Amino acid sequence: MNRPLTTRDWVGFMIMVFGMFMAILDIQIVSSSIAEIQAGLAASADEISWVQTSYLIAEVVMIPLTGILSRLMSTRVFFAIAAAGFTLTSALCALAWDINSMIIFRALQGFLGGAMIPTVFATSFIVFPPEKRNFLSVLMGLVATMAPTLGPTLGGYLTQTFSWHWLFLANLLPGIVVSVGVWLLVDFDKSDKSLLKDFDYTGLLLMAVFLGCMQYAIEEGPRQDWFEDAAIRNAAAVAALFAVLFFWRSFTYRAPIVDLRGFADKNFALGCMYSFIIGIGLYGSTYLTPVFLGQVRGFNALQIGQIMFVTGVFQFMSAPIAGRLAGKLDLRVMLAFGLLMFGGGVWLQTYMTSEWGFWEFFVPQAVRGFALMFLFIPINAVALGTLPPARLKNASGLYNLMRNLGGAIGLAGINTIINDRFALHWARLVEGLTPSNPNLQAYLDGAQGAMGEALGDSSSLASVKLLARLVRQQAETLTLADTQLVMAAIFIAGLLAIPLLSKPRTAPAKSEAH
């Protein structure tokens with residue numbers, strides 16, 4: 001954009017950022033209310049998981065397409081249509097009459113929501129001069145990392161206060177504001193209809209099948225014991241075949257649907273790797289802590305939200321500090337600090353016991369929240385700051401796709417670890433519960449005596465059930481601590497690749513600013 005930036009441009013971009021916040025928030029907002037949606041739609045446990053899976057599959061398919069579609073239609077038209085469609089499908093989700101209609105509407109919602117996220121990232125680098133990028137990185141970092149943190153809390157509050165329908169109805173007014181605001185205010189580029197001439201429909205089909213089947217296998221694998229299930233085996237085989245065909249098509253067709261040549265840029269490739277790691281940490285930590293608090297401690301959604309909110313508060317506190325330091329520090333040093341701090345915050349939670357509550361989680365949550373902006377700002381600059389403008393829209397899609405895949409693959413790995421380690425810890429704890437164990441007998445006698453008056457002859461069975469619940473609670477605590485250790489190790493291992501990065505520019509030369 002050659003003309004000077006105006007107030008209208010800034011307002012239009014901020015409205016786009018708010019649209020991105022809605023799209024990211026909707027990934028997580030449903031997670032805390034799955035049980036209520038399941039009851040409302042009379043769905044089975046297997047069916048209800050598709051409320052999340054269908055959204056994520058469709059979103060993953062759309063994200064790489066945003067580059068070519070925004071160039072074809074223009075940022076204004078593409079984003080306004082996506083926001084309006086997202087709003088309409090949100091209303092349809094609230095009106096869903098059974099699980100099948102909900103799955104279809106959620107898939108459409110995910111597809112259209114996925115269009116908004118990378119478009120905002122690309123716009124921030126294409127439209128705004130380099131000296132504004134630190135501020136914009138702080139802003140987008142807050143949005144991209146705050147939305148998953150707030151999602152379960154806000155979702156739980158809406159469901160408890162109103163009903164699960166408001167998870168989707170809450171999108172309507174903001175969605176209308178975003179759609180109309182972008183249509184009236186955004187004018188960053190023009191459509192390029194010449195792209196239709198060589199549009200790669202074959203590549204589109206290959207990519208959709210590859211990413212869709214891969215996402216399905218990743219999402220459902222932990223629940224179905226991976227390759228023990230025929231559907232998972234078939235999905236993985238189809239994904240592998242279509243991946244080969246898609247990559248072949250991308251490197252041989254004159255105008256591929258997704259230009260993978262951006263990965264030839266070392267910084268972009270490494271930035272995508274770090275985006276993948278952020279996805280593991282961001283989605284993994286916002287999954288594991290509520291699981292512990294809900295299953296082990298029995299906290300409700302509001303209590304869980306109060307603990308998780310600590311992360312958001314410290315993230316806000318770190319934003320101006322990280323933004324100021326980004327213009328002065330070598331961003332590679334900043335990234336190393338962020339990796340160490342986030343990994344350290346996760347590692348602190350490996351000491352968790354079944355009695356942990358708000359104050360025990362306070363320091364780990366605070367450390368992780370403070371670290372997020374020290375990760376997001378340098379990774380944005382590393383991945384997108386050295387690419388030519390012509391490649392930014394496409395590269396932004398790939399960059400955001402890697403964060404989503406990191407979250408999906410990370411959660412699949414986390415659930416697999418949980419299944420394996422829980423079986424191990426349960427077996428080890430049960431080994432010591434033998435009739436010759438004096439502590440066991442003393443516990444059962446004490447429990448039976450305490451419940452004797454109230455339960456009579458049933459007190460013996462009740463005391464055994466109480467013991468089983470206690471063993472399960474301890475096994476779950478040990479399992480989640482092990483999982484946190486693996487996640488911390490991934491962040492520490494990320495330090496090894498930092499020497500491979502070229503130093504990204506933090507400020508432009510004066511001649512480049514005009």
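## A look around helix α8 and the cores

Let's start with Y157, which sits in helix α8, a stretch covering residues 133-161. Keep in mind as you look around that this is a predicted model. T159 belongs to helix α8 too.

| Residue | Relative accessible area | Class |
|---|---|---|
| Y157 | 42% | partly exposed |
| T159 | 10% | buried |

The class follows from the cut-offs: buried means under 20% relative accessible area, and partly exposed lies between that and the over 50% that counts as exposed. T159 is therefore called buried, at 10%.

T159, for its part, points its side chain at the backbone oxygen of G155, 2.9 Å away. Setting aside neighbours within four places in sequence, T159 also makes contact with S33, E36, W164 and L167.

Now for the inside. In soluble globular proteins, nonpolar side chains tend to be buried together. The largest nonpolar core in this model has 129 residues, and M102, F268, Y274 and L384 have the most contacts inside it. Helix α13, residues 266-296, is the top contributor to this core, giving 14 residues. Apart from that core lies another one of 13 residues, including M146, A319, I377 and A381.

Which residues does L384 touch, not counting those up to four places away in sequence? They are F125, F268, L392, A395, S396 and Y399.

Definitions and conventions: Residues numbered from 1 in each chain as written. Predicted model: local features only at pLDDT ≥ 70, side-chain atom pairs only at ≥ 80, totals over all residues. Heavy atoms only, no water. Helix = DSSP H or I, 4+ residues; strand = E, 2+ residues; numbered from the N terminus. Buried < 20%, exposed > 50% of the residue type's maximum accessible area, 1.4 Å probe, protein only. Polar contact = N/O pair within 3.5 Å; in protein donor to acceptor, adjacent residues only side chain to side chain. Contact = heavy atoms within 4.5 Å. Core = buried A, V, L, I, M, F, W, Y, C linked by side-chain atoms within 4.5 Å.
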